[in-house]
Amino acid sequence: MAKIFAMKMTLAEIAKEIGAELHGDGSHVIRGICDWRWVEEGGEDLLTFQTKPLTDKSLMESPVRSVIVPELPDADYRPGKDYLVIKNTRYAFAVIGQIFHPMPRATQTRIHETAVIHETAVIEEPVEIGPYCVIGANARVSKGCVLQSHVYVDVNCVVGEDTVLEPFVSILQGAILGARDYIGTGAKIGVTGFGNAQKDGRFLQTPQIGIVIIEDDVHIGANSCGDRATLGVTHIEEGVRIDNLIQIAHNCRIGAHTGIAALAGIAGSTDIGKHCLVGGQVGFAGHLKVCDGSVIMGQSGVMSSITEPDVYFGRPVKPVKEAHRIAIASTRLPDLLKRVKALEARLDNDS
Amino acid sequence: MAKIFAMKMTLAEIAKEIGAELHGDGSHVIRGICDWRWVEEGGEDLLTFQTKPLTDKSLMESPVRSVIVPELPDADYRPGKDYLVIKNTRYAFAVIGQIFHPMPRATQTRIHETAVIHETAVIEEPVEIGPYCVIGANARVSKGCVLQSHVYVDVNCVVGEDTVLEPFVSILQGAILGARDYIGTGAKIGVTGFGNAQKDGRFLQTPQIGIVIIEDDVHIGANSCGDRATLGVTHIEEGVRIDNLIQIAHNCRIGAHTGIAALAGIAGSTDIGKHCLVGGQVGFAGHLKVCDGSVIMGQSGVMSSITEPDVYFGRPVKPVKEAHRIAIASTRLPDLLKRVKALEARLDNDS
Amino acid sequence: MAKIFAMKMTLAEIAKEIGAELHGDGSHVIRGICDWRWVEEGGEDLLTFQTKPLTDKSLMESPVRSVIVPELPDADYRPGKDYLVIKNTRYAFAVIGQIFHPMPRATQTRIHETAVIHETAVIEEPVEIGPYCVIGANARVSKGCVLQSHVYVDVNCVVGEDTVLEPFVSILQGAILGARDYIGTGAKIGVTGFGNAQKDGRFLQTPQIGIVIIEDDVHIGANSCGDRATLGVTHIEEGVRIDNLIQIAHNCRIGAHTGIAALAGIAGSTDIGKHCLVGGQVGFAGHLKVCDGSVIMGQSGVMSSITEPDVYFGRPVKPVKEAHRIAIASTRLPDLLKRVKALEARLDNDS
């Protein structure tokens, strides 16, 4: 993979940017970031990071010279490397990473000749619209947007500034996206919800005429689905992170700065608070309310509302300590059956 | 979102259509449906519904004047609103919703100039085929169909009358769709099944040369997958509802009027009866038979055949009452361990 | 579905090819394979297979004359059929199936006029590139490849020889595919991983600048997702089988000849060994190591590393015998509670 290192910064500039303490040569020029475990030669002008103490021999032996390291008592800053010392190394590395590899954003207008854009659609400039995109009547694509290729933006939809839509994304039925959203390849926003009235054992589709609103700085992963509301709004608030292959049903609300891992499913009208973390394959029943700051561990099942912020696990979820206590106790269950049988026998013998 | 209210009906006409008892002005004209909780002003000509008793103060205060309400003893039909009283309000609302927002259906022929249609394909009229659709040799698209955009219909496939295919749908390898089916964006029908013979620890793909047959009035959700049969037919019967992100493996049969919620997975050759309801993230092992009328709650695991219609839950599934009894009992397990230990100590002391 | 039977072989040739013992007419010509349960008439020139003993009356009555059957003591080879006797019938049938229905492979160059191919991309011949494919700068598509339609191959990506990409596949961000890979419709390779640094309760995307490498003979199912590494490589080794709707997160490694069933999810940096089998809806936490030859049954949760090859089940996983013992014991839990209560009462009465 050809990398282009157009960007360069000195270590002193980087230290200032992230607020790190520098042990080493501030004038040294950095042209890219890397994981030192994948660099076998060169690497003089790359920056890496390490979350653990500096005891990793292979890091010391790697050709990468500059490394972001955590604040640690008695750290041994050996010569031959430059160290940027900071508490949250992962965050610092992401900040520098965003400088060297910023999110895509249109800075000049390039609309591919194959794009099919309705005459009533509003396309602000600068914008990049790749091959085989289709943009419907009265839709709006705001300035700075990048529609990579094969993107479908339906009638009346709005895409906010600097938002990226990867290939095979559908934005449907009047969905409204914010600024700096990133919608991964194959994700579908504004999908027809699973709304079925029933009579005499047959389903009748309840019209799904609401919309999806996605606020600013939201990321939606590949092949995930967000259903539009039956009548009102499915609402994804600012800063939310949705991983791949996730189902968000009609009329849900996902509170600001909540993160949800892959293959989770959220049934209709459930309201998840702000700053929650949801593990992979978690399922939520419909019409629940999950309070701000809740953490739900992977594969759990949330079957009733959560009113206290805590770490939850299990099916149905319980506070994680209780869930683990039960899980451990259940491994002793076959033995317990024998012990109770023995007790019964002893009592029977006694009497 | 610009709404177009081309349709209008009087309350008396609506009451007649759904078989409701009208308390109010039958000549009042309705031009659309709504959720009253999302209407802050206007709403004089909108119809809403309420499943609960009429004690909701905000409904009474909302500007929406006409409301479908359930039959209730001693209901207090306060003035200022028009009431349509009926037992199954949800179904009645869906019926009216279908009138105001019918499923898309081609009434005139519009084939986008970019559609790539093989010369041997049969395209009945009227039909709507949007941009960047590809239709293969010997395929048939029946009258009334709407292929929105970027739809791939493979060689030999058949799409029945008035069926809708949303963007990025694949209909593969001779799949046969019925009339009035609705295939959501990104759904894949006729996919290569996971059929792997093994020898000396290596896989060999078993040819998957069967097909998928989907009967009439089936809805398949966004990004769901239906594998074609290894040799025969994967069969989805009439009226089935499949939510988003669902996996239906090769040679399965889904019985008529069964509904399956998001992220469920059905392994190969499993046969699910008619009028079943399957919750989200449920998994079925392969080669099972699930009888008509079974209800499987979300996240359950069905590992053997089900022969009695009932409500099931758990992993493996049990009748729900039993499953709940076990779930509740398991929360007492850590305490039970202590109690048994205490009993043992008492007996040891006694002897 | 019109079938074309261009291929023909005699039973003697087939017997030699798969190493079977022939009971019947070696000169009889076979033109196709089938499942006998789906053949109501004709079938004289079709070959079927049966994994069970020859007691199935309907097989005997079916019009299909030639059948691969397992080696069984005292097998009753009744007249009217030709029998190919072999131990692993399923594998033998797959071998013959691959002859009659080989994987697609370009033998002459057909590039659709609508394909958008960057001038710096390298396209080897022969190759088939269908309508509405987009191939980016510096990408390479090797000889023998089939890109069916609507395929997106990003800048710098490499697709190895004889590899098939079905409609709506994305190959992103420098991903490298091997030879004879088969990427199912809607699968996304090289997806942006779920890498989020956090500060003050807000997420910051960690740049995902690594790649995905897929070795030879790998199959990826429809709508599955493989994230590129944060900085290094997400690595899928040779012969791996990935079913539909599977999530493989950044920096994972899937060992050679491992098979993973639908809706499984593998969190970041987890390393799964060679020759493993993973059931549907299984979840793996991140940063684990699963040893070669492990079998994980469906819906299990792998929360810590696995160091011994065995069959595992449960959440968290345990060796399957232990998991089943616990599952069975847990069904007796409500009863156990009563028994312990009774014991306590008896002791209280005694004392």
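In the predicted model, helix α1 (residues 11-18) of chain C lies across strands β2, β5, β6 and β7 (82-86) of chain C, and the helix runs at about 5° to β7(C). Helix α3 (residues 89-100) of chain C also packs on the sheet, where it touches β4, β5, β6 and β7 of chain C. The direction of α3(C) makes about 145° with that of β6(C).

The strands named here belong to an open sheet of 5 strands in chain C, with the order β2-β7-β6-β5-β4 and mixed pairing. The edges of this sheet are taken by β2 (21-23) and β4 (32-33) of chain C; each has a single partner strand, so one side of each is left without a neighbour in the sheet. Within the sheet, strand β5 (residues 46-49) of chain C runs parallel to strand β6 (residues 66-70) of chain C, and the two are joined by 3 bridges. In this pair, C:L47 stands opposite C:S66 of β6(C).

A further sheet is described for chain B.

Between chains B and C, 54 residues of chain B are in contact with 53 residues of chain C. On the side of chain B that touches chain C, two or more residues are given by each of β21 (188-191), β22 (196-199), β23 (202-205), α4 (320-331) and α5 (333-350) of chain B. Helix α5(B) supplies the largest share of that side, 5 residues. The side of chain B that touches chain C comprises 27 nonpolar, 19 polar and 8 charged residues.

Between chains C and A, 53 residues of chain C are in contact with 53 residues of chain A. The side of chain C that touches chain A draws two or more residues from each of β21 (188-191), β22 (196-199), β23 (202-205), α4 (320-331) and α5 (333-350) of chain C. Its largest share, 5 residues, comes from α5(C). By class, this side of chain C has 26 nonpolar, 19 polar and 8 charged residues.

One helix pair spans chains B and C. The axes of α4(B) and α5(C) come within 8 Å and cross at roughly 50°, which makes α4(B) oblique to α5(C). Helix α4(B) contributes B:R325, B:I326, B:A329 and B:S330 to the contact, while α5(C) contributes C:L333, C:P334 and C:L337. The contact of α4(B) with α5(C) has 5 nonpolar, 1 polar and 1 charged residues.

Notes:
Residues are numbered from 1 along each chain as its sequence is written. Chains are lettered from A and ligands numbered from 1 in the order in which they are written. This is a predicted model: local features need pLDDT of at least 70, side-chain atom pairs count only at pLDDT 80 or more; totals for chains, interfaces and linings use all residues. Two residues are in contact if their C-beta atoms, placed from the backbone, lie within 7 Å. Helices (H or I, at least four residues) and strands (E, at least two) are DSSP runs, numbered from the N terminus. Ala, Val, Leu, Ile, Met, Phe, Trp, Tyr, Cys and Pro count as nonpolar, Asp, Glu, Lys and Arg as charged, and the others, Gly among them, as polar. Two strands pair if DSSP finds at least two bridges between them. Axes are lines fitted to C-alpha atoms, for helices over the stretch in contact, and angles run from 0 to 180 degrees between N-to-C directions. Angles under 35 degrees count as roughly parallel, over 145 as roughly antiparallel, 65 to 115 as roughly perpendicular and the rest as oblique.
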